[in-house]
Amino acid sequence: MTWVGKSLRRKEDDRLIRGRGLFTDDELAPGMLHLYILRSPYAHARILDVDVSAAEALPGVACTLTGREVAELCDPYMQLAPGPAANIRDLPMAVDKVVYQGEPVAAVAATSAAIAMDAGLLIEVDYEMLDSVMDVEQSLQDDTVLHDAAGTNRVWHGVFDYGDVDKAFAEAAHVVRIDRLHFHRYSSTPLENNACVAEWTRQGTVEFLCNNSFPGFAQQLLAPGLRLRTDQLHIRTYDVGGSFGNKIWNYVYMALAALASRKAGGQRVKWSEIRTEHLLASGHGNERTFLDTEVALDANGVLTAIRSRHLDDCGAYTRYEPLGCVIWSQVTPATYGIRNLRIDFTQAVTNKCPVVPNRGYSRMQHLWFMERVLDICAHELGIPADEMRLRNYIREFPYETPNGCIYDSGNYPAMLDKAKALIGWDDWQKKQAEARADGRLLGIGIGTTLDSGTNNFGQAQIMNPDLPFSGNSEVATMKLDLEGQIVVCLGTGPSGQGHETAASQVVADELNISPDSVYVRPGFDTAWNTFVGHSGTYASQFAVTGLSAVHGACQKLKAEMRRLAAFMLEAAEEDLDFCTGEEGPELRIKGTDRAINYWFLSNLVNNNNAMLPESLADVTLNVRHVYRPPFKVPDTERKFGNLTLTYAAQLHIAVIEVDRETGRPKILAYSAVDDCGKVINPKIAAGQVHGATNHGIGAALMESFNYDEIGNLLTSTFSDYCPITSMNIPDVQYGNIETPSPFSYNGAKGMGEGGGGPLHTIAAALQDALFAEGIIIDDSHHSPSRVFDRLQEPNRDRRVSVRSG
Amino acid sequence: MGIKFDGSFAVPVSREEAYAMLADPEKFAPLLPTYKSLEMEDDKTAIVKVKVGVGKIRGTATIALVLEEEVPPTRAAYSGKGKIMGSAFNLATAFNLVDAPDGGTTVEWEGELDMFGKLVSLAGGLIRPIAKKDIQRLIDALQGALTPGGQESAAS
């Protein structure tokens with residue numbers, strides 16, 4: 001029996017549905033303090049004075065923290081950017097100046113969360129308001145500079161130039177010009193907000209229980225920031241209620257909780273974010289503007305070249321940026337065979353919440369751009385959307401993109417066929433014709449997207465050649481415990497993706513036992529020594545890095561078990577089978593009833609080892625495996641190299657009708673086809689596809705961070721920033737195909753970040769519905785009011801021009 | 001969130017009388033709608049407390065109201081800075097006084113209110129109409145106070 005490929009019920013769910021999970025906010029301890037963070041109401045202001053005396057006088061308050069204290073106790077976080085932006089001083093709390101609404105300006109630790117909040121509101125902060133920079137183009141003028149130490153708002157600039165762009169334009173049959181497209185600002189809304197519990201011990205170490213989703217990275221920033229060694233940080237997670245990339249930089253808040261604990265004499269301090277804080281200041285997705293795009297096409301509508309200028313708004317601090325300036329290039333040509341591209345890419349800071357990787361990080365903005373380009377060209381040239389894609393899809397794999405990325409496998413035409421069949425394409429074509437005859441605005445849109453998984457961190461060197469990052473790695477440790485139990489520890493730090501279940505399935509297949517016989521420890525813990533610098537859950541990589549590490553650890557443990565069993569059973573190693581006998585998991589001599597069970601093996605090493613020969617002295621039944629994908633450092637001059645190991649794909653089709661009177665778009669039908677290579681657990685994979693699809697639909701139709709001109713976030717509650725719920729989720733017709741990856745041991749590809757699919761698809765469907773009205777869909781967000789405004793003011797004439805011949 | 005407002009009203013008193021009222025924080029501040037208390041920090045700065053409420057979000061705002069310009073008897077201008085429940089606001093208002101053709105004074109006024117923070121996020125859509133209403137109440141109160149015998153009725 002094989003377990004991989006089965007829809008095994010998730011092991012995690014047993015404790016979660018019984019209320020026995022442990023989320024960070026569940027942690028309780030006598031004497032624990034609660035941290036309240038006072039945040040700036042201003043987007044840009046100088047801090048003239050912070051008076052905490054009234055707060056400190058409130059009974060129950062243990063201590064306060066101000067920016068000046070934090071600056072004395074901390075060093076600024078390492079900046080990834082080269083040049084002037086490297087001088088940005090990023091501390092966990094504002095010192096002299098705030099640069100976004102919601103930035104921490106003071107904090108209070110008290111015996112209850114309510115007292116801490118009451119005390120926080122007694123803190124007097126005197127501000128001098130400064131002009132706000134709320135637009136990336138305005139920011140690049142540098143009239144108002146956010147970070148004095150940098151001296152400019154420009155964070156990064158680079159030109160990605162591949163092929164012979166000018167020649168392709170000279171030979172083009174058609175040139176389509178699109179003056180402006182805009183990808184809006186939104187984020188993720190995990191069920192569990194950011195939280196941490198910190199204890200600065202008397203020994204000078206810091207104990208963290210948290211829900212950070214990239215602890216390998218977090219500790220590399222936290223330790224020097226707190227002036228500690230990484231080994232002085234004990235970071236653990238347990239159950240985490242979603243991250244989607246969002247929780248990568250909650251180390252900023254972990255630092256504040258740790259400093260509060262330190263000041264409070266080592267008392268444990270809990271910080272638990274509320275929803276409005278999460279929306280205001282936990283990190284937003286990158287906002288991007290695409291300017292002066294020109295597209296060259298041949299006479300058949302095949303894209304031959306693109307040149308364009310892209311401006312990325314990273315908010316007030318760079319934090320994980322400017323990685324996003326390069327990450328998009330993992331999918332430079334999207335799913336299309338275009339060979340000539342010149343993208344002039346600039347990133348700048350603004351007085352908005354800093355950005356953070358958000359499901360589909362940086363790639364979905366670019367993929368949305370490419371899908372918009374293709375779709376607009378199709379409409380302008382009168383080529384049906386499906387035909388346009390079929391003329392342009394990449395078909396041979398592995399495929400090297402113009403910038404040296406290797407698309408491992410895929411079959412986009414087959415996905416299109418399947419999605420069409422699921423939605424009933426031909427029927428909808430007829431219904432659309434009828435609707436149009438009635439004057440109704442009905443559109444059918446296709447979106448093809450890529451979920452590039454398993455980063456080559458060498459791409460960071462394209463952005464900054466001095467950075468000491470390249471390759472990737474992940475760890476699993478595995479042991480046969482004292483009573484013969486298989487125990488697996490992961491470095492991946494899951495946040496709800498079912499890693500315990502999937503890892504059990506892999507181990508069960510390797511050892512020919514039931515997944516129930518495998519215990520995968522929940523969460524992440526630096527004390528397990530199961531981590532490297534890359535450890536965490538991000539960039540769609542668990543199925544490749546996480547499971548390859550588990551698979552490798554399994555091989556090592558099996559080899560030791562086999563050697564021990566061969567010695568005890570006086571048999572040749574190759575004559576032994578891993579199987580399950582009457583007493584449970586065991587190794588048996590083939591074709592006999594002579595076997596040794598796991599308890600006996602474990603006991604031989606751990607309790608009863610006097611009989612073991614010297615030749616088995618190295619056997620510990622406790623192994624650690626580090627998986628390293630086969631990456632090389634990219635050519636940083638040419639911005640060329642393989643940036644990602646696997647390329648899962650999603651193809652979605654939507655049918656949308658727009659109410660002519662109100663502008664309200666309504667999804668009438670939706671299909672989603674996924675290809676993530678070999679599927680480990682179909683039920684989990686389907687859950688990821690549905691989740692990502694819903695996330696993307698929410699982003700396209702409901703979720704948008706809107707700021708006013710002076711930096712107020714106008715959508716900081718669920719009343720205004722409306723996440724999608726079961727009331728708004730359409731009935732998604734789901735299907736999948738499997739094109740196994742040749743680059744992973746199991747044929748799997750990382751997946752779960754296909755959140756961009758609906759953004760492309762809904763934009764395409766709206767384009768189809770509204771093109772005849774003279775409307776170009778030039779934004780990724782389509783609230784009814786925006787669509788209504790567009791209906792009142794068609795934009796095709798000023799957005800797009802076509803030159804043929 | 002920025003709100004700009006302006007207008008004019010006529011009062012049956014001289015510019016000097018109108019100016020005396022408008023340029024005195026101790027007389028002017030109590031006319032603010034939902035006024036609770038006043039404390040003079042110096043002769044130009046009043047620390048004023050007013051009740052603020054949008055729906056169920058209610059509290060007391062503290063405003064530091066500073067008389068920035070005094071040009072007797074033609075112009076008085078104030079700036080204000082306040083905070084409430086994690087939110088902040090800045091305001092600037094000016095009164096220009098001109099003789100009315102049929103006697104009395106025409107008060108031409110203008111103002112700007114910038115609001116920041118939680119209150120805007122939570123109740124942004126409601127603030128503009130409430131601010132408009134409160135400004136009208138302030139103007140009514142000013143008009144009442146500058147009309148002989150009208151102060152009591154304006155305050156009531």
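Two residues count as in contact if their C-beta atoms, placed from the backbone, lie within 7 Å. The model is predicted: local features need pLDDT of at least 70, side-chain atom pairs count only at pLDDT 80 or more, and totals for chains, interfaces and linings use all residues. Residues are numbered from 1 along each chain as its sequence is written, and chains are lettered from A, with ligands numbered from 1, in the order in which they are written.

Select chain B. Of its contacts with a separation of 6 or more, 47% link residues 24 or more positions apart. Colour by secondary structure to see 4 helices and 7 strands, where helices (H or I, at least four residues) and strands (E, at least two) are DSSP runs numbered from the N terminus. Their order along the sequence is β-α-α-β-β-β-β-β-β-α-α. The C-alpha trace spans about 45 × 30 × 25 Å along its principal axes.

Move to chain A and select its open sheet of 8 strands, ordered S3-S5-S1-S12-S9-S10-S11-S22 with mixed pairing; strands pair if DSSP finds at least two bridges between them. S3 (61-66) and S22 (524-525) of chain A are at the edges with a single partner strand each, so one side of each has no neighbour in the sheet.

Next, select residues 195-200 and 206-210 of chain A: these are S9 and S10, antiparallel over 5 bridges. Here Val197(A) is opposite Leu209(A).

Finally, select residues 251-263 of chain A. This is helix H8, which lies across S1, S3, S5, S9, S10 and S12 of chain A at about 35° to S9(A). Axes are lines fitted to C-alpha atoms, for helices over the stretch in contact, and angles run from 0 to 180 degrees between N-to-C directions.
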